[in-house]
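Here is a short briefing to read alongside the model. Have the viewer open and follow along topic by topic.

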Amino acid sequence: MPKDSESPAFRILKLLRQTADEQEHISGRLNVITKIISKEMHYDSVSCFVMLEDNNFELFASAGYNEDSLHKVSVRQGEGLVGTVAKNCRPLALSDSQSHPKFVTKEKFSEKELKSFLGVPLVSRHKAIGVLIAQTKKKHEFLQTEQETMETLAMFISDIISSDEMSEYKTELIKSRGLMSKDKIRGISLSKGFGLGQAVLHHRRHAVSKIFAEDKEKELDRLTIAHQQMNDDLDSKFNSTKLGLGEHVDILDAYLMFAKDKGWFKKIADNVMGGLTAEAAVERAYEDMWNRLSSTQDGYLKERLHDLRDVSDRLLAYLNGDFGQSAKIAQDSKDIVIIAQTMGPAELMDYDYTKIRGLLLEEGTPTMHVAIVAKALNIPVIVKIKGLYDEVKSGELIALDGNEGYVYLHPSEDTQKRFIAKRQELKQQQEKLAKLKRLPSQTLDGVRIGQYINVGMNFDLDYIESTNCDGIGLYRTEIPFMASNEMPNVEQQIGYYKELMDRAGYRKVIFRCLDVGSDKLLPYWAGLDEENPAIGWRSIRITLDRRAILRKQIHAFIKAAEGKELNVMFPMISNLSEFEEAKETLMLEYEKVKKNTDKLPAKMNVGLMIEVPSVVFQLDEILEQADFVSVGTNDLAQFFFACDRGNPRLSERYDVLSAPFLRLMGTIIKKANKHKVYCSVCGEMASVPVEAFALIGLGYRNLSSSGATYGRVKSMIRTINVAEVEDYMTQLLNSTGKTLRPQIYAYANDHGVEIF
Ligand code: PEP
Ligand code: MG
């Protein structure tokens with residue numbers, strides 16, 4: 001019989017599974033669970049608090065003393081003992097709870113009669129979504145084993161309260177209390193952050209009331225003037241905007257080209273000469289195009305219809321003489337939230353972007369250009385909020401939480417204060433982190449950690465200076481390919497890569513070869529329509545099959561890196577021969593360039609990403625041939641756990657901070673060190689301070705994070721002692737829990753490590 005089967009946790013879990021399943025409703029299930037735990041563990045009371053909304057924890061289930069108080073008691077995060085457990089996301093055991101400084105009594109909650117307290121957090125996505133507490137009447141010293149049992153049971157309960165069934169139950173509860181007003185609306189977040197400001201309805205969609213014109217010539221004049229004005233304004237906007245960089249220009253230029261397209265203007269002018277008013281002529285031209293393109297399967301062309309709609313609406317606004325009205329509403333306010341049905345990227349530039357605190361769209365997809373531009377400007381964006389445009393009036397106050405995807409109409413004073421505080425908090429945090437810029441990424445015991453950034457979008461380049469990083473640990477070269485309207489030619493590519501090299505100066509730059517396919521689609525390549533794109537024809541598999549693309553890109557790298565060190569990295573390598581094949585292509589291209597010029601890189605290093613688990617089992621052989629490796633933990637975890645990285649239903653199921661994955665990561669760095677091969681991590685793990693902490697504890701000394709989280713990672717680095725962290729991680733690797741995150745947070749808390 002396995003040893004574990006005798007443990008109280010195992011025995012109670014078995015009971016919970018059997019008995020709880022008999023209860024049809026989730027509330028009944030939770031109550032039964034608290035009863036069983038109370039009985040089996042001999043506690044006078046066991047209660048379960050669940051986060052209902054906005055960090056308020058409500059009593060959902062209870063056995064013993066508090067059964068009458070269900071749904072009548074709630075605490076805020078940080079309030080009282082329960083709130084403290086939630087806030088710190090770690091257990092709290094007190095034999096004399098009433099002497100604890102955080103102790104508060106709540107009406108309807110019999111804390112006074114209960115002496116000892118044990119609270120454990122119910123965790124989901126690394127955040128407390130509830131608290132399980134046990135209380136006793138008599139003074140009781142909770143043993144470590146008791147706490148561990150409760151923590152194991154808490155995992156079981158966490159799964160229940162993070163289920164869809166619980167979300168539905170919570171929604172019902174809120175509705176039944178009349179609290180589910182139209183004032184809090186859920187959308188899909190495309191860009192994180194908090195915003196509070198006055199609503200500005202972005203005007204568009206002018207209905208055309210007059211179809212036929214009396215005077216064709218006069219109508220043509222109106223059209224010509226409006227068209228000219230529109231183009232002049234667009235030109236000056238584009239020249240003055242801070243967005244005048246790299247791929248954003250591509251996006252905006254594409255839009256501008258539409259506006260200036262002679263064919264489009266001629267079509268409208270012909271319609272006018274046919275007798276239509278200028279407005280009706282614009283609509284007719286749009287409809288013609290719509291009829292031709294709307295049935296196409298080509299995502300890129302469909303996206304262009306959006307652009308055409310934008311330009312048409314803009315021209316209609318000029319014809320109506322009311323263009324810029326919405327911008328005027330925005331003029332007097334210093335904080336604005338833009339609300340639109342849909343929007344083109346240039347329209348965002350109608351507003352002073354330093355005032356934009358948020359963008360809300362009724363429609364919207366992640367690939368929408370306006371979302372890409374807003375993200376680049378650090379503006380929170382929430383999309384797919386049906387009916388919002390009619391719901392809100394211009395000038396009304398509106399708040400948005402881009403982290404969770406919520407929009408608050410008529411925010412209460414409390415909500416406003418909360419949002420102001422959040423923004424302030426973020427600002428202060430950023431100021432504090434900016435001060436670290438000149439300080440080394442060095443631990444308390446003097447270990448220097450190489451800190452690099454990942455870049456893709458052109459605005460990421462600003463982070464090179466603002467972080468003062470050691471270099472670019474990952475340049476996702478596919479991003480400019482994705483933002484272009486067609487496959488960039490060699491000259492264009494040389495331009496991108498040179499710009500990056502110039503900005504990086506003396507710093508190391510690692511170029512990753514094109515990594516397309518799966519969720520990274522090129523607008524000019526038809527969808528591949530595969531059953532399993534994440535494990536399909538993607539990345540190096542495509543470029544080895546379409547060798548010319550790879551050769552052209554390598555050619556551009558070599559040219560761009562003239563006189564400098566060139567680091568080329570191949571993504572998604574699955575075995576040694578794939579790496580050899582890619583490397584051979586690189587060397588062939590190098591020899592070809594060398595025949596025609598002596599303007600070559602000063603040095604060339606060839607490496608690969610470790611993203612496919614099979615590579616780890618051939619690592620010794622691969623490391624013999626590689627100059628460097630970088631671990632792509634996003635894909636590596638996806639394949640390791642067989643867990644789609646884009647599926648929100650699975651995002652909480654497996655944790656990179658668990659022994660199996662960390663052991664894998666440990667194996668990689670040990671082998672790299674043995675072969676003296678430079679090894680870094682460029683997946684998300686390097687961007688999340690608590691995860692980066694674990695990586696350092698495993699032996700990693702080079703991390704490449706997003707520019708936005710660089711300061712937070714540095715702050716963690718500067719507060720740790722590597723020797724201690726390594727010892728701690730070695731111990732942790734023997735734990736069998738689903739996640740080691742709470743333990744690492746607890747360590748950080750106890751050792752003054754700045755993890756936030
Ligand atoms: C990764 O997989 O960890 C990685 C860095 O590559 P990407 O996120 O671009 O797939
Ligand atoms: Mg990857």
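Predicted model: local features only at pLDDT ≥ 70, side-chain atom pairs only at ≥ 80, totals over all residues.

A residue is called buried when its relative accessible area is under 20%, and exposed when that value is over 50%.

**The magnesium site**
- E611, through OE, and D635, through OD, coordinate the magnesium ion (ligand 2) at 2.0 to 2.1 Å.
- These two residues link distant parts of the chain, 24 residues apart: E611 sits in the loop between strand 19 (603–610) and helix 22 (613–616), while D635 belongs to helix 24 (residues 633–640).

**Around ligand 1**
- There are 14 residues around ligand 1, and those that come nearest are R476, R512, K520, N634 and R645.
- A polar backbone atom of N634 is 2.8 Å from an oxygen atom of ligand 1.
- For D635, a polar backbone atom is 3.0 Å from an oxygen atom of ligand 1.
- T633 has a backbone N or O atom 3.1 Å from an oxygen atom of this ligand.

**Helix 15**
- Helix 15 (residues 413–434) has 22 residues and should span 32 Å at 1.5 Å a residue; its end C-alpha atoms are 31 Å apart, so the two values agree.
- T415, F419 and L433 are buried in helix 15.
- Viewed down the helix axis, the buried residues fall within an arc of 65 degrees, and therefore line one face of helix 15.
- Their cover includes strand 9 (194–201), strand 13 (397–401), strand 14 (406–409) and helix 27 (710–717).
- E413, D414 and K417 are exposed on the other side of helix 15.

Technical notes: Residues numbered from 1 in each chain as written. Chains lettered and ligands numbered in written order. Heavy atoms only, no water. Donors = N, O, S within 2.8 Å, 3.2 Å for Na, K, Ca; no water. Helix = DSSP H or I, 4+ residues; strand = E, 2+ residues; numbered from the N terminus. Expected span 1.5 Å × (residues − 1). Buried < 20%, exposed > 50% of the residue type's maximum accessible area, 1.4 Å probe, protein only. Arc of directions from axis to C-beta. Contact = heavy atoms within 4.5 Å. Near = heavy atom within 4 Å. Polar contact = N/O pair within 3.5 Å; in protein donor to acceptor, adjacent residues only side chain to side chain.
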